[in-house]
Amino acid sequence: MQALITLAVFLGSLWLLWGETRPALVVLYCIAFGWSWFALLMVGHDAMHRAFAPWQWVNETVAFLTLD
């Protein structure tokens with residue numbers, strides 16, 4: 001569930017940044033984007049070490065999608 005929330009924040013902030021020119025909003029969206037990008041990388045790191053899910057194929061898929 002946490003990974004899905006993080007993915008939603010990542011995609012939402014990326015969508016909000018698209019074409020935004022107001023500096024204050026760009027900074028706020030970039031903070032959300034940077035946090036979610038880092039969080040997704042940490043999810044991928046855990047999946048790579050087989051700590052994300054008890055099923056090997058899920059770990060491999062999540063690691064591939066977030067890190068490759």
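Analyst: Helix H2 passes helix H3 in a left-handed crossing, a label given when the near helix is turned anticlockwise from the far one by less than a right angle, clockwise being right-handed. H2 covers residues 23-48, and H3 covers residues 56-67. Helices are DSSP runs of H or I with at least four residues, strands are runs of E with at least two, and both are numbered from the N terminus. The model is a predicted one, in which local features need pLDDT of at least 70 and side-chain atom pairs pLDDT 80 or more, while totals for chains, interfaces and linings use all residues. Residues are numbered from 1 along each chain as its sequence is written, and side-chain values use heavy atoms, without hydrogens or water.

The axes of H2 and H3 come within 8 Å and cross at roughly 145°; each axis is a line fitted to C-alpha atoms over the stretch in contact, and angles run from 0 to 180 degrees between N-to-C directions. On the H2 side, the residues that meet H3 are Leu40, Leu41, Val43, Gly44, His45, Ala47 and Met48. Their partners in H3 are Asn59, Val62, Ala63, Thr66 and Leu67, with contact taken as heavy atoms within 4.5 Å. By class, the residues of this contact comprise eight nonpolar, four polar and no charged. Here Ala, Val, Leu, Ile, Met, Phe, Trp, Tyr, Cys and Pro count as nonpolar, Asp, Glu, Lys and Arg as charged, and the others, Gly among them, as polar.

The loop between H2 and H3 includes arginine 50 and alanine 53. Arginine 50 is exposed, because its relative accessible area is 56%; exposed means over 50%, buried under 20% and partly exposed in between, with a 1.4 Å probe and protein chains only. The phi of arginine 50 is near 60°, a positive value in a residue other than glycine. Most residues other than glycine have a negative phi. Alanine 53, by contrast, is buried, since its relative accessible area is 12%. Beyond residues up to four places away in sequence, alanine 53 touches Val58 and Asn59. Asn59 is also one of the H3 residues that meet H2.

In the segment after H3 lies aspartate 68. With a relative accessible area of 70%, aspartate 68 is exposed.

The H1 residues in the contact are Ala3, Thr6, Leu7, Val9, Phe10, Ser13, Leu14, Leu16 and Leu17. They meet Val26, Tyr29, Cys30, Ala32, Phe33, Trp35, Ser36, Trp37, Ala39, Leu40 and Val43 in H2. The classes in this contact are 17 nonpolar, three polar and no charged residues.

Setting aside neighbours within four places in sequence, serine 36 contacts Thr6, Val9, Phe10 and Ser13.

Phe10, Phe33 and Trp37 form one aromatic cluster. The structure holds two aromatic pairs; rings of Phe, Tyr and Trp (its six-membered ring) pair when their centres lie within 6.5 Å, with planes under 30 degrees apart counted as stacked, over 60 as edge-to-face and the rest as tilted. The centres of phenylalanine 10 and phenylalanine 33 are 5.1 Å apart and their planes lie at 25°, so this pair is stacked. Phenylalanine 10 is buried at 17% relative accessible area, whereas tryptophan 37 is partly exposed at 47%.

Overall, the protein has three helices and zero strands, in the pattern α-α-α along the sequence. Its C-alpha atoms fill a box of roughly 45 × 20 × 15 Å along the principal axes. Of its 68 residues, 28% are buried.
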